[in-house]
Amino acid sequence: MTQASDTVAVAPVGRSRGRLNQRVIAPWLFLAPGLFMFAVYVLWPILQSITLSLYDWNGLYNQDGEFTGTFIGMGNYAELMVDPAFETSLWNNLKWLVLYMLALPIGLFIAIFLNQTVTGIRLYKSLFFFPFVISQVVVGLMFAWFYAPNFGLFYTMIEWFRNDGAWIIATPFFLLKLLPLAIFVILIGRITFWAARNAPSRAWSNIGFLPIALLLVFAWVMSEGISQYYQSAWTELVASFAGKGIAILADPDLVTYGIIAAGLWPQIAYVMILYLTGLNNVAPDQIEAARLDGAKGWRMLWYVVLPQLRPATFIAVIVTVIGALRSFDLVSIMTNGGPFGSSRILSYYMYEKALSEYGFRMGYGAAIAVVLFAIMMVFISGFIWKMWRDEKER
Amino acid sequence: MFPRPIQQASTGAQWLYTIALPVALVLWLFPLLGVALTSLRPASDLAQGNYFGMPSGIAWENYVYIFTETPIGQYMLNSLWVTIPTVIGAVGLSLMTGFALAVYGFRANILIFFMFVAGNFVPFQILMVPVRDMTLNLGMYDTWYGLALFHIAFQTGFCTLFMRNFIKALPFELIEAARVEGVAEWRIFWYIVLPLMRPAIAALSVLVFTFIWNDFFWATVLTQGVDSQPITAGLSSLNGQWIAQWHLVSAGSILAALPPVAMFFLMQKHFIAGLTLGAVK
């Protein structure tokens with residue numbers, strides 16, 4: 001405002017009144033169309049939805065065009081409390097929220113990997129960004145194809161790992177099984193070493209036979225019993241993996257994770273581009289100074305680079321949280337909430353209740369939407385709070 | 001620069017990096033590449049179980065088929081009919097709101113600004129029932145303008161945030177000088193601010209284009225038939241008809257993905273400038 005009053009002082013006195021009035025009215029004229037549209041299509045519907053959540057309404061009007069809903073107070077919310085489908089959706093939303101956060105480290109990792117200046121790197125960066133540009137409907141179809149039972153690439157890969165490639169998975173398990181044996185051998189060695197060191201030098205000959213005898217016994221047991229046992233254990237282990245691939249979208253326990261993986265694909269791309277821009281703006285002199293002080297690798301990343309990436313991280317967290325809570329397309333395209341409703345999330349469940357063939361329960365749907373809105377508001381207020389502080393600092 | 005430039009690394013590491021780049025890219029885009037290849041695979045290959053082997057030929061006829069036998073061309077046109085008015089409308093409205101919020105220091109300023117920002121993040125579901133109801137009552141259900149009007153209103157939130165910050169960053173002296181000269185406010189907007197907004201307009205146009213083209217939720221809520229359904233919703237319903245005909249599903253997917261991808265490639269700089277707004281200060 002200070003600038004404005006300066007201007008007024010300079011302007012001719014006779015005209016300043018009209019000009020000032022113009023400056024009071026002008027912003028409202030500029031705001032009017034946008035504000036009107038926003039109020040009609042966003043603000044007002046929010047209030048209406050909240051009101052509607054207190055009604056039981058099938059979405060219809062009577063012949064006179066009157067609203068046919070009946071007021072039931074907190075009835076819809078009471079029903080939500082005991083609705084198992086709502087509980088599933090809420091849990092799945094939580095899974096989405098938590099697992100979506102993986103987009104941050106993975107996106108940062110890819111951004112660091114790509115933050116080089118070699119020929120063609122610009123093209124690489126934009127190609128890595130591709131998944132974000134594509135519609136989620138298309139992403140959903142792509143992953144549905146990827147997961148498809150019998151021939152889908154994911155399914156075939158799992159099948160290969162369970163049969164021909166079983167040794168790759170079996171090896172770590174087998175090493176785990178060998179662990180007690182390894183500990184046993186190491187312990188024996190330790191004990192003999194300790195005994196040999198502490199024994200008086202003359203008694204050495206008396207004690208010396210013990211480790212040799214133990215070793216002999218052990219070698220015999222190894223070659224005969226244990227080795228056979230472990231061999232059969234190995235075969236058993238490999239055989240236990242044998243089987244078909246996993247039809248991830250038809251498995252109630254895995255389906256949500258399958259969809260989240262599909263959602264992460266574009267989300268990682270988005271986070272990556274945010275971090276690439278951030279890395280571009282990291283102060284080079286600070287990096288050089290830290291390098292002179294001997295910082296590198298993880299320590300450099302953690303103590304020097306990440307603090308400078310704070311604004312990028314903040315935006316990335318916001319868009320990832322919003323993305324996780326808003327996701328609807330993937331569930332709708334890939335599973336329709338199935339199998340047996342196990343991949344429902346709040347946004348989809350709301351749609352299902354209010355608009356799909358399962359019925360037109362507008363009030364109940366609105367109540368679900370209000371819950372989702374309340375969850376989202378927590379994050380939105382955090383964002384607004386941060387913006388408010390930044391504005392004040394300016 | 002972080003990480004240390006690869007040029008300073010050993011020759012071995014440099015070689016490794018040159019090889020790792022394309023390998024990582026292929027792995028990263030695997031679903032996309034797979035679908036692109038499947039879209040050109042003859043149906044007979046799929047019938048014989050040849051999903052990943054050498055295709056017996058390149059089947060452009062998959063694309064010909066979806067264009068001639070399905071309304072996919074109509075869906076694409078519908079998408080354009082919704083997307084282009086939305087871009088114009090949302091950018092136009094937000095130029096004005098952004099100008100108002102950036103240049104004038106009235107009392108409700110910050111409140112209105114935050115309202116736009118917050119509105120931009122609300123879940124769609126809380127708007128769904130009332131917006132659908134209103135669109136039905138206004139007789140705009142299942143029309144391109146019914147859908148476009150909602151999109152314009154909703155996108156105005158995000159666009160206002162963008163425009164307001166962009167105008168805030170312009171030198172205020174320009175506006176001040178014009179006021180001393182006695183230039184009317186709307187002329188300041190039109191002749192001084194607007195010409196400087198070209199980069200912002202470009203960035204927002206590509207972004208909004210992509211967002212609206214890719215929208216699925218509102219397309220299913222506000223439209224129904226072939227005459228008005230955009231490509232995303234259309235593809236979803238075609239997918240229901242083409243059960244397990246993956247060569248067709250793939251061709252349709254690639255087609256639906258093309259316009260935003262082309263847009264992104266043509267306007268890459270603006271696109272990224274728009275998306276990373278606020279990521280750096």
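Let's start in a loop: Asp142(B) sits between helix 7 (125–137) and helix 8 (144–168) of chain B. Helices here are DSSP runs of H or I with at least four residues, strands are runs of E with at least two, and both are numbered from the N terminus.

Before going on, note that this is a predicted model, where local features need pLDDT of at least 70, side-chain atom pairs count only at pLDDT 80 or more, and totals for chains, interfaces and linings use all residues. Residues are numbered from 1 along each chain as its sequence is written, while chains are lettered from A and ligands numbered from 1 in the order in which they are written.

Most residues other than glycine have a negative phi. Asp142(B) has a positive one, and so does Phe340(A), which is not a glycine either. Phe340(A) also lies in a loop, between helix 15 (329–334) and helix 16 (346–355) of chain A. Here is the pair:

| Residue | Phi | C-beta neighbours inside 10 Å | Class |
|---|---|---|---|
| Asp142(B) | near 65 degrees | 16 | partly exposed |
| Phe340(A) | about 55 degrees | 10 | exposed |

The classes count other C-beta atoms, placed from the backbone, within 10 Å of a residue's own: 20 or more is buried, 12 or fewer is exposed, and anything in between is partly exposed.

Now for chain A as a whole. It has 17 helices and 2 strands, and 33% of its 394 residues are buried. An automatic or database assignment sets the domain bounds: domain 1 (2–45), domain 2 (83–160 + 248–360) and domain 3 (164–241).

Helix 6 (residues 121–133) of chain A is worth a look. Its 13 residues should span 18 Å at 1.5 Å a residue, and its end C-alpha atoms are 19 Å apart, which agrees. That expected span is 1.5 Å times one less than the number of residues. Among the buried residues in helix 6 of chain A are Phe128(A), Phe129(A) and Phe132(A). Their cover includes helix 5 (103–114) and helix 7 (136–147) of chain A, as well as helix 1 (11–28) and helix 14 of chain B.

How do the two chains meet? In all, 83 residues of chain B are in contact with 87 residues of chain A, contact being C-beta atoms, placed from the backbone, within 7 Å. Helix 14 (residues 246–266) of chain B gives the most to chain B's side, with 9 residues.

Finally, the predictor gives the complex an ipTM of 0.90 and a pTM of 0.85.

Key:
Contact = placed C-beta atoms within 7 Å.
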